[in-house]
Amino acid sequence: MLIDEIKASRLDTEWCADPLDMATKITENENRQRIQEQLDRAKCSEQPDEDENGTRYCLDCTEVIDPRRVAAVNAVRCVACATAREARDDSRLRRHGGVNRIVEDLAGPREVFNPGTEL
């Protein structure tokens with residue numbers, strides 16, 4: 001029954017007689033799909049400001065973006081504006097707890113060692 005469900009749910013996966021091989025193939029396909037989804041989400045959704053010659057301008061300060069930067073990361077902002085934007089985003093995460101808050105929630109509160117007390 002489980003094998004039939006696997007076959008039905010994963011038509012794009014080559015069938016294997018060995019359940020472990022099949023599970024490995026399914027996991028690899030799912031991981032590939034998740035990675036592609038993350039890459040798609042990471043792509044910039046903002047439209048670049050370019051002139052007819054292909055020169056790209058920063059969306060924040062309107063300065064020309066170095067063509068090497070555009071080629072490397074498909075930038076829509078100059079280095080200075082991108083850095084400032086990332087710093088703002090990082091401070092927002094820290095202000096709202098970000099990853100540290102999640103870790104503390106999972107691990108529980110930290111105990112502070114006081115040298116005057118016994119363990």
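**Exercise 1.** Find which side chain Arg77 meets in a polar contact of 2.9 Å.

*Solution.* Start with the pair itself: the side chains of Arg77 and Asp60 are joined by a polar contact of 2.9 Å. Here a polar contact is a pair of N or O atoms within 3.5 Å; within protein, one must be able to donate a hydrogen and the other to accept it, and residues adjacent in sequence count only if both atoms are side-chain atoms.

A quick note on the model: it's predicted, so local features need pLDDT of at least 70, side-chain atom pairs count only at pLDDT 80 or more, and totals for chains, interfaces and linings use all residues. Numbering runs from 1 along each chain as its sequence is written, and side-chain values use heavy atoms, leaving out hydrogens and water.

**Exercise 2.** Place Arg77 in the fold and decide: buried or exposed?

*Solution.* First, locate the residue: Arg77 sits in the loop between α3 (67-73) and α4 (79-95). Helices (H or I, at least four residues) and strands (E, at least two) are DSSP runs, numbered from the N terminus. Then check the relative accessible area: at 8%, Arg77 is buried (under 20%; exposed is over 50%, partly exposed in between; 1.4 Å probe, protein chains only). Finally, list the neighbours: not counting residues up to four places away in sequence, Arg77 touches (heavy atoms within 4.5 Å) Glu46, Cys58, Leu59, Asp60, Ile65, Arg69, Ala82 and Arg85.
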